[in-house]
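The sequence and the model come first.

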Amino acid sequence: MAGIARFVLACLVVIVSIVYEVASTQDGLTNLQRLQVAAIERAIAAEERRATAQTQLDLALDHQYNTRKHLEKRRQTNREKHMAYRRRIRRLIRNMLEEVKRNRVLMRQRASITAPVSPPAPPPPEFMFTWSCVSSEPLGSDTTTDINLKDSTCTGTIPTELGALVGLTSLDLEDALSLTGSIPTELGLLTQLTKLDIRMESNSGITGTIPTQLGELTQLVVLGLGTNGLTGTLPTELGELTQLTSLRFDRSISLTGTIPTELGALTELERLDFGSNVVSGTIPTEFGQLTQLTSLVIESCLSITAPIPTELGLLTQVTYMSFSGSSLIGSPPTEVINLCSSGAMTFLINQDTTNACV
């Protein structure tokens, strides 16, 4: 734009100079010519002002462009400086961490060289206690694995300290008729126990309920709780003892309540005995899951007034099944009769009938 303005101004100057030259060859200028010359001069002055303003505008725009470019360059420079600063800080932190790791390694090496080797901590002392029924020698929590008082004349209560004999695997108190008191709940701590037998042939002083803590003895294979002093119901927790092969509640004539359906989970059972109980209700259909069972006894359970479940016909391994003396309703189901039709199973439904399959 500035170049065009300068070009127009130059043209006007040329025109004015031509007019003056023409006027100088004549005697004088007319009024019209003077007016035209004055108008041309004013136009030249205005064009000069416009050219000057355009020049100033161009200079301002150039300055603004240069300023923006300079600012952008400064920003780019600042960004580069900032990134370089961050990289330098990261290098310093990484070097410091590596130095810390090296120092730790050196400290461990020095400690392993200079520190004295401490002796291993001594094992805790073995728990010991004396039970005169067993021996005059103390029983140890680690060394005692078997206690057999079958048919013993030992007197007194079952000591709660037995719960500390964590190495015990067998506790047999069958027919130790002079023992009194209740079954200690601490026996539930004997997690290595595989046999627990507290059955009594006749009246005994063992009373109270069956502790639910016995459901913690998951290694048990044989469990006998037949004694006429026990009262209360059968704990459902016994359904957790999935390693059991023998479970006997015979002679427990004071037990009440229903037979827990949870016992149907004891699929390793080979013998199940409820002889001479006052348990009530029905025979759980879940017993049909006990496919390893060879002996099932539910005798003299006068409070069980229900039919024999057809699911018992699934117990193909059974060789002895007795409901003698129980108040069952109806005839044995066909599925059960089929089990003894070959004569391989003894089936009792009352005191006088053996192999009553028809």
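Glu 72 forms a salt bridge with Arg 75, and their closest N and O atoms are 3.5 Å apart. A salt bridge here is a side-chain nitrogen of Lys or Arg within 4 Å of a carboxyl oxygen of Asp or Glu. Both Glu 72 and Arg 75 belong to helix α2 (residues 31–114), where they are three residues apart, about one turn of the helix. Helices (H or I, at least four residues) and strands (E, at least two) are DSSP runs, numbered from the N terminus.

Glu 72 has a relative accessible area of 39% and is therefore partly exposed. Arg 75 is also partly exposed, because its relative accessible area is 44%. The classes are buried for under 20% relative accessible area, exposed for over 50%, and partly exposed in between (1.4 Å probe, protein chains only).

## Basis of the values

This is a predicted model, in which local features need pLDDT of at least 70 and side-chain atom pairs count only at pLDDT 80 or more, while totals for chains, interfaces and linings use all residues. Residues are numbered from 1 along each chain as its sequence is written, and side-chain values use heavy atoms, with hydrogens and water left out.

A search of the whole structure gives 10 salt bridges. In one of them Asp 197 pairs with Arg 199, with the closest N and O atoms 3.0 Å apart. Asp 197 has a relative accessible area of 4%, so it counts as buried. Arg 199 is buried as well, because its relative accessible area is 6%.

Arg 199 also forms a salt bridge with Asp 250, where the closest N and O atoms are 3.9 Å apart. This pair links distant parts of the chain, 51 residues apart: Asp 250 is in the loop between β10 (246–248) and β11 (271–273), and Arg 199 is in the loop between β7 (195–197) and β8. Asp 250 is at 8% relative accessibility and so counts as buried. Through shared partners, salt bridges join Lys 150, Glu 174, Asp 197, Arg 199, Arg 248 and Asp 250 into one network.

The structure holds one disulfide, a term for a pair of cysteine sulfur atoms within 2.5 Å. Cys 133 and Cys 154 form this bond, with an S to S distance of 1.2 Å. The pair links distant parts of the chain, 21 residues apart: Cys 133 is in the loop between β1 (128–129) and β2 (139–140), and Cys 154 is in the loop between β3 (146–148) and β4 (156–157). Both cysteines, Cys 133 and Cys 154, are buried.

Ser 152 also lies in the loop between β3 and β4. A polar atom of the Ser 152 side chain is 3.0 Å from the backbone nitrogen of Cys 154. Setting aside neighbours within four places in sequence, Ser 152 is in contact (heavy atoms within 4.5 Å) with Asp 175, Ala 176 and Leu 177.

## Paired strands

Which strands run parallel to β6 (residues 179–182)? Strand β4 is joined to β6 by two bridges, and the two run parallel. Strand β8 (residues 205–207) is joined to β6 by three bridges, and these two also run parallel. Two strands pair if DSSP finds at least two bridges between them. Thr 157 has Thr 180 in β6 as its bridge partner, and Ser 182 stands opposite Thr 207 in β8.

## Nonpolar core

The largest nonpolar core has 63 residues, and Trp 131, Leu 196 and Phe 274 have the most contacts inside it. Such a core is a set of buried Ala, Val, Leu, Ile, Met, Phe, Trp, Tyr and Cys residues joined through side-chain atoms within 4.5 Å. Not counting residues up to four places away in sequence, Leu 196 touches several leucines, including Leu 171, Leu 187 and Leu 214, and also Val 222 and Gly 224.

## Ser 326 and the whole chain

Ser 326 is in the loop between β13 (320–322) and α3. Ser 326 counts as buried because its relative accessibility is 14%. Residues up to four places away in sequence aside, Ser 326 touches Ile 298, Glu 299, Ser 300 and Cys 301. Cys 301 and Ser 326 are 25 residues apart in sequence and 4.7 Å apart in space, C-alpha to C-alpha.

The protein has three helices and 15 strands. Of its 358 residues, 35% are buried. Among contacts between residues at least 6 apart in sequence, 62% join residues at least 24 apart.

Definitions and conventions: A polar contact is a pair of N or O atoms within 3.5 Å; within protein, one must be able to donate a hydrogen and the other to accept it, and residues adjacent in sequence count only if both atoms are side-chain atoms.
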